[in-house]
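Hi everyone, thanks for coming.

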Amino acid sequence: MNKKLLPGIIHRLPQNVMSRTMGKITASRFSRLAIRHYIKHYNIDPSIVEKPVREYRSLKEFFARRLKPGVRSIAEGDDVVASPVDGTVSQMGDTHEGTLIQAKGKQYSLAELLGDAPELAQRFYGGKFITIYLSPRDYHRIHMPVEGNLTRYTYVPGRLYPVNQLGIEHVDKLFARNERLVTHVETKELGCVAIVKVGALFVGSVKVMYNRATTNVKRGRKMSEQIPCAPHYRKGDELGWFEFGSTVILLFESKDLEWADNVKIGSPVLMGQKLAQLKTQ
């Protein structure tokens, strides 16, 4: 297909319907026949998967697989941020005047991304952010990057543009237009941290452990609520999962974070790996 035609086509696709349909197909019992082909195609290591491959009842169930205990170590320290997912760093940096970088020449605002009260976005002005892309081969469970209390969540319905290089380069304000589920965490050392889980084309849904909020539902409406009793989660605890690939954006109120030496744009990361640490005084 002509690459010049692709940007126009992706705006016209019935993205949400296509994604819900894909979710139904991959949840069917017949889809389990595709699991071994999927493993081979994406070069997935089945030795670190929680269960034997034959025990997965559908491709969707395998996609949202857990890992064996102890496969990932969690970076220690209250002042240390661990990666919430396996993936690749697509952007990182400072939130200059309330804006984040999507790609060269493309920006979007914190307020648009969070889709919530302006004062919540303002907490992250001048702080740090990192965007991590999950490919189809990656482990798709989402874990806590820090220890803290879950205080608020926001679900923002929207489009489901692809979040690969094509979408990033050709869709303005991509992450602020796609469906997303935001979790706010209050921490001891780092202030507020927002974990933004972004939907994408063919992502059946995004789910979280702390309530029944889910994305990509028919006639979905925006929701923003306090999380009852502000449950406490430890770093590395499972927070949720994607049903097929997407992106996680971490926002930090703290202006005093330093990125780990091996964390750069384009570098792969593993869940639990050290991403950043508070600067030493």
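Let me begin with how the chain contacts itself. If we take contacts between residues at least 6 apart in sequence, 76% of them join residues at least 24 apart. Please keep in mind that this is a predicted model.

Now for the overall make-up. The chain has 281 residues, and 53% of them count as buried. Its secondary structure consists of eight helices and 17 strands.

In which order do its three strands come? The order is E6-E13-E10, the pairing is antiparallel, and the sheet is open. Strand E6, residues 141-143, and strand E10, residues 206-208, are at the edges; each has a single partner strand, so one side of each has no neighbour in the sheet. Going from one strand to the next, the twist averages 25°.

We can look at one of those pairings in detail. E10 and strand E13, which covers residues 238-242, run antiparallel and are joined by three bridges.

UniProt, in an unreviewed entry, lists Ser246 for "modified residue: Pyruvic acid (Ser)". Is Ser246 buried or exposed in this model? Its relative accessible area is 0%, so Ser246 is buried, the cut-off for that being under 20%.

Finally, a word on backbone angles. Most residues other than glycine have a negative phi. Here are two residues with a positive one.

Glu97 has a phi near 50°, and Glu97 is not a glycine. You'll find Glu97 in the loop between strand E2, residues 87-94, and strand E3, residues 99-103. With a relative accessibility of 79%, Glu97 counts as exposed, since exposed means over 50%.

The other residue is Ala230, where phi is positive at about 40°, again in a residue that is not a glycine. Ala230 also sits in a loop, between strand E11 (223-226) and strand E12 (232-233). Relative accessibility is 29% here, so Ala230 counts as partly exposed.

Definitions and conventions
Residues numbered from 1 in each chain as written. Predicted model: local features only at pLDDT ≥ 70, side-chain atom pairs only at ≥ 80, totals over all residues. Heavy atoms only, no water. Helix = DSSP H or I, 4+ residues; strand = E, 2+ residues; numbered from the N terminus. Buried < 20%, exposed > 50% of the residue type's maximum accessible area, 1.4 Å probe, protein only. Contact = heavy atoms within 4.5 Å. Pairing = 2+ DSSP bridges. Axes fitted to C-alpha atoms, helices over the stretch in contact; angles between N-to-C directions. UniProt positions renumbered as here; feature names shortened; annotations may be inferred.
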